Amino acid sequence: MNKNPVILIDDDQDDIELFEQAFSELNIENELIIFDDGLKFFHFISTTDKKTFFILCDMNMNKIGGLELKKMILDDERLRLKCIPFLFLSTSKASAHIEDAYSLNVQGYFVKPSSFEGIKEILRAMCTYWDYASHPNK
């Protein structure tokens with residue numbers, strides 16, 4: 001399995017704790033790097049040479065929303081060329097939000113499950129898919 005870290009960007013502490021617990025219960029060996037602020041993430045990704053397995057980003061955050069953050073990455077050629085799979089997590093099922101996300105070339109849009117088992121299933125599927133997928137960041 002790809003051993004590069006997974007990045008989680010979410011400003012909801014309860015969601016962060018659920019994802020941490022799910023990673024642990026699924027025995028996912030990848031480091032989970034967590035940002036509760038999109039600007040902190042942007043600074044990190046702009047200054048690190050560390051490869052990343054994939055990014056999970058909440059759409060609705062306080063300081064900077066997920067769509068704005070993804071656009072900042074697309075607008076920065078160096079970051080865009082890192083080719084890091086970028087996946088959105090959201091409570092919204094609205095087709096307009098999904099269309100907005102895919103218009104920014106995201107590699108997935110997932111509605112946050114209401115159960116812990118649902119969170120584990122999504123994480124398992126993401127890790128399996130991106131482990132098997134061939135992409136430049138692998």
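Reader: Let's start with arginine 124. Is arginine 124 buried, exposed or partly exposed?

Author: This is a predicted model, so what we read here are computed values. The general idea is to compare relative accessibility with two cut-offs: under 20% is buried, over 50% is exposed, and anything in between is partly exposed. Arginine 124 comes out at 37%, so it counts as partly exposed.

Reader: Where does arginine 124 sit, and how far is it from leucine 26?

Author: Arginine 124 belongs to helix H6, which covers residues 116-132.

Reader: OK, next to charges. Which residues form the negative surface patch?

Author: Asp12, Asp14, Glu17 and Glu20 form it. Take glutamate 20 as the example: helix H1, residues 13-25, holds this residue. With 37% relative accessibility, glutamate 20 is classed as partly exposed.

Reader: What about backbone angles? What is the phi of asparagine 27?

Author: The general idea first: most residues other than glycine have a negative phi. Asparagine 27 has a positive phi near 55°, and it isn't a glycine. You'll find asparagine 27 in the loop between H1 and strand E2 (32-35). Its relative accessibility is 61%, so asparagine 27 counts as exposed.

Reader: And what is the phi of asparagine 105?

Author: Asparagine 105 has a positive phi too, about 60°, and is not a glycine either. Its loop runs between helix H5 (95-103) and strand E5 (108-111). On accessibility, asparagine 105 counts as partly exposed because its value is 48%, and the exposed class needs over 50%.

Reader: Last topic, cysteines. How many disulfides does the structure hold?

Author: A disulfide is a covalent bond between the sulfur atoms of two cysteines. So the thing to check is the sulfur-to-sulfur distance, with a cut-off of 2.5 Å. This structure holds 0 disulfides. For cysteine 57, the nearest cysteine sulfur belongs to cysteine 127 and is 17 Å away. For cysteine 83, the nearest is that of cysteine 57, at 18 Å.

Reader: Is cysteine 57 buried or exposed?

Author: Cysteine 57 is buried, because its relative accessibility is 0%.

Reader: And which class does cysteine 83 fall into?

Author: Cysteine 83 has 31% relative accessibility and therefore counts as partly exposed.

Definitions and conventions. Residues are numbered from 1 along each chain as its sequence is written. This is a predicted model: local features need pLDDT of at least 70, side-chain atom pairs count only at pLDDT 80 or more; totals for chains, interfaces and linings use all residues. Side-chain values use heavy atoms; hydrogens and water are left out. Patches are made of residues with over 30% relative accessible area and no salt bridge: like charges are joined within 9 Å, nonpolar side chains (Val, Leu, Ile, Met, Phe, Trp, Tyr) within 5 Å. Accessible areas come from the Shrake-Rupley method with a 1.4 Å probe; for residues, only the protein chains shown count as cover. A salt bridge is a side-chain nitrogen of Lys or Arg within 4 Å of a carboxyl oxygen of Asp or Glu. Lys and Arg count as positive and Asp and Glu as negative; His and the chain ends are not counted. The place of a charge is taken as NZ of Lys, CZ of Arg, CG of Asp or CD of Glu. Helices (H or I, at least four residues) and strands (E, at least two) are DSSP runs, numbered from the N terminus. Buried means under 20% relative accessible area, exposed over 50%, partly exposed in between (1.4 Å probe, protein chains only).
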